[in-house]
Amino acid sequence: MGKIERIEVPAADRDRLETLVRDRNTPQKVVWRARIVLLTDEGLRATEVATRVGTSTLTVRRWRRRYAQAGVDGLLKDATRPPGRKPLTAAVIQRVVDMTLHEKPPRATQWSVRSMAAVTGLSHTSVQRIWHAHGLKPHLVKTFKLSTDKPFVEKVQDVVGLYLDPPDKALVLAVDEKSQIQALDRTQPGLPLKKGRAGTMTHDYKRHGTTTLFAALDVATGTVLGTCMKRHRHQEFLRFLREINRATPRHLDLHLIVDNYATHKHPKVKAWLAKHPRFHLHFTPASASWLNLVERFFALITQERIRRGAFTSVPDLESAIIDYLEHHNADPRPFVWTASASAILEKVARAKQALESQH
């Protein structure tokens, strides 16, 4: 194509181009394209225009040609370019998906982007895009366990019923023990958090003993009654029941949600409960501790106070736990249970069906 050294710019186009140059909101790349056309209309050669605008002669000629072909609108957007690489075919994409779902790599239990790329001949970024588009995350695995408790349905309905429709003139308490909490101290001091660097702590530690946290979460208010004891036998559970009895209004019935730990069913515990009829125990199904709301509190105290703490002794650890309980109870917020029993049972039924179809 021949070189265009001079072009004629109509008055309407010139007004529009000058407006683009003056407008502060015009992208800079559009501004210098408009200037190229305006300077060319003044009769300047390509080399002079390039010097004035601060670009190359080749660029000047390209945008003069674009204006000649498409007018001012042609300056406002870039020309479409063919992709640097051909897009992946549907067959190639489906092959990656099928291999991810149904095959295992050699010498490994799951695929990585690079092991899949090596087998399929694709780049690891292409594999990553395919996995992202199909929601595949082979590096992740979630744990689960279906309860084999025969009265599973009845227990779920009982416990969830207490959450969603608690009885009148009664307190619903989620009760459990967080046992074997270790008083761990780091072997060396860590570095504090600072801009551009995370805080540090040594990977190894010194053990200084353990304690057990007995906790009763008031489902309605979010307050937690808790105490630390050295062990978690039926003797300690009875002591905690007596503490609950002293700390709660005597005119209210108490509905305690507990798990199937043998301590909770000890004959001496049963005898004590028979003498205190306002206590009613509701058992979660076996292998279903997620149904007990106090477990959510245990996760919270572990994350916020225990896991990254350094404790030089068991009393130091227990003091930190009690201090956390006091701060929590100063501004309690209840955990709100929303799942209905029917929704839980339907989900469990689907899980069983899926498992049975695989085995």
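## Two sides of helix H6

On one side of helix H6, Arg114 and Ala118 are exposed (over 50% relative accessible area, with a 1.4 Å probe and protein chains only). Helix H6 itself spans residues 113–120; helices here are DSSP runs of H or I with at least four residues, strands are runs of E with at least two, and both are numbered from the N terminus. The buried residues of H6 are Val113, Met116, Ala117 and Thr120, where buried means under 20% relative accessible area and partly exposed lies in between. They cover an arc of only 100° around the axis, taken from the directions from the helix axis to the C-beta atoms, so they sit on the same side of H6. An α-helix has 3.6 residues a turn, so residues three or four places apart point the same way.

## About the model

This is a predicted model, in which local features need pLDDT of at least 70 and side-chain atom pairs count only at pLDDT 80 or more, while totals for chains, interfaces and linings use all residues. Residues are numbered from 1 along each chain as its sequence is written, and side-chain values use heavy atoms, leaving out hydrogens and water.

## Domains

Welcome to the overall layout. The domain assignment, from an automatic or database source, gives domain 1 (11–75), domain 2 (90–134) and domain 3 (151–192 + 202–353). Between the C-alpha centres of domain 1 and domain 2 there are 48 Å.

## Paired strands

Strand S1 (residues 170–186) runs antiparallel to strand S2 (residues 205–218), with 11 bridges; two strands pair if DSSP finds at least two bridges between them. Leu173 has Asp218 in S2 as its bridge partner.

S2 also pairs with strand S3 (residues 224–229), again in the antiparallel sense, over six bridges. Five residues separate S2 and S3 in their hairpin, and Gly222 in the turn has a positive phi of about 90°.

The largest pocket holds about 560 Å³ of space. Its lining has 15 residues, and Lys104, Lys137, Leu140, Val141 and Lys142 are the closest to its centre. A pocket is an open set of points on a 1 Å grid over the protein atoms alone, where a 1.4 Å probe fits, with protein on both sides within 12 Å along at least five of seven lines; lining residues have an atom within 4 Å of a point. The volume is the space filled by probe spheres set on the points.

The second largest pocket has a volume of about 340 Å³. Helix H13 (residues 341–358) gives the most to its lining, with five residues.
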